[in-house]
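Take a look at the structure below. Then read the notes by topic.

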Amino acid sequence: MDDLNKSIYAIGSDSAFSILARSNELIKNGKDVINLGIGQPDFPTSENIVEAAIKALRDGHHGYSSANGIVELRKAVADDFFQRNKVKIDPNEVLITPGGKAVIFYTLLIFGQPGVEIITPDPGFIAYRSMIDYMGAKTVALPHRMKNNFSFDAEELLSLINEKTRLIILNSPANPTGGIVPKSELEKLAEGLKKYPNVFILSDEIYSRILFDNKIHYSLKSFEEIKDRVIVLDGWSKTYAMTGWRLGYGIFPKSIFKYAEKLAINCHSCVSIPNQFAGIEALNGDQSSVNSMIDEFKVRRDFLVKELNLIKDVSCVKPGGAFYVFPKISKDNFSSSEISNYLLEEKFIATVPGSSFGQNGEGYLRISYANKMNRLKKFIELIKQFMNE
Ligand code: PLP
């Protein structure tokens, strides 16, 4: 069909989901697929959170809530944000959303339009670019290089801003690299952005709790100079192993909150009520399962980084957060997409090609280590086999 709204032809997809679909097909056909493609914790949601949702249903919470979410949950978000970042947030600036992705969607519906430039990480989360394309805005790639541990250079970022720039999207710890932006770069950026009062920042902090080696997360919301222009995206999917619950939030500055709220009213009305109660328990309840999940991720990260670096023509930096490694893999001039495809079809390992995250991702593979240690060991065996073939 070629007579639909022309924007719809521009929207992209997320290869992690198509790779997951293909993996499931292979599994159905009896293949033992090692799934290192999709970005979701391999841990169950903890029991106290599940119980809170069940209790909410039994207590009769079956209707709509206000579109921005129940006030107890928004207060819990504000308290949690204060505890972690020492920044006071008004609960009325918090919009509870069906997953963090909705915050990207709404932000781009507010800022994206033809003639506008949006700076976005490259390599970076696929949904940013898809939505920028859908809105007809121009993506301006901000390179995140391996030699900088996959962080950006603030001066380079500032040099990309011009009169058409309306939004900068940043993500730390990052998908697909696990890279963390150091505080020094954020400080330079905040200082430099004083010159551009019309430029907003979407700070995707969905992995902000998943940090290793005593790394500290600095929210862009904690920089006074730009605070009123920062939209924070965070949520429960990764930290609390709740990807299927579809629960996230955006902290939208007062100047644009009403637009985000109207989008919510028109699109999702409100997030499932029992899930909102579960979200309160997640934030206020026992945090030990979060901590043990992070400890386990660290063991896996250390194993993968060490083993991958022992393989000829593979090199991998040690990421500071999230649950991905992003090794550079060179094999006979194959593209990352050819390697990923071969690994899936011939070795039954699901990975995501680096090129799906932008042109600076070419030559790399995203490996999600949200999988058991014995599967990671098997993966290392198979990748060694592949590199020696
Ligand atoms: N932002 C980043 C960087 C992500 O990696 C993801 C999920 O993979 C999201 C946002 C969306 O999270 P959610 O599942 O809560 O929509």
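**Around the ligand**

Of the 13 residues around the ligand, those that come nearest are Gly100, Asp204, Tyr207, Ser237 and Lys238. A residue is near a molecule if one of its heavy atoms lies within 4 Å of it. This is a predicted model: local features need pLDDT of at least 70, side-chain atom pairs count only at pLDDT 80 or more, and totals for chains, interfaces and linings use all residues. Residues are numbered from 1 along each chain as its sequence is written, and side-chain values use heavy atoms, with hydrogens and water left out.

**Polar atoms at the ligand**

- Gly100 has a backbone N or O atom 2.7 Å from an oxygen atom of the ligand.
- For Lys101, a polar backbone atom is 2.9 Å from an oxygen atom of the ligand.
- Asn175 uses its side chain: an N or O atom there is 2.8 Å from a ligand oxygen atom.
- On its own, the ligand has 400 Å² of accessible area (Shrake-Rupley method, 1.4 Å probe), and the protein covers 92% of that area.

**Val232**

- Val232 sits in strand 7, residues 230-235; strands are DSSP runs (E, at least two residues), numbered from the N terminus.
- Val232 counts as buried because its relative accessibility is 0%, and buried means under 20% relative accessible area (1.4 Å probe, protein chains only).
- Leaving out residues up to four places away in sequence, Val232 touches residues including Phe81, Val103, Tyr249 and Ile251; contact means heavy atoms within 4.5 Å.
- Val232 and Tyr342 are 110 residues apart along the chain, and their C-alpha atoms are separated by 38 Å.

Definitions and conventions
A polar contact is a pair of N or O atoms within 3.5 Å; within protein, one must be able to donate a hydrogen and the other to accept it, and residues adjacent in sequence count only if both atoms are side-chain atoms. Helices (H or I, at least four residues) and strands (E, at least two) are DSSP runs, numbered from the N terminus. Buried means under 20% relative accessible area, exposed over 50%, partly exposed in between (1.4 Å probe, protein chains only).
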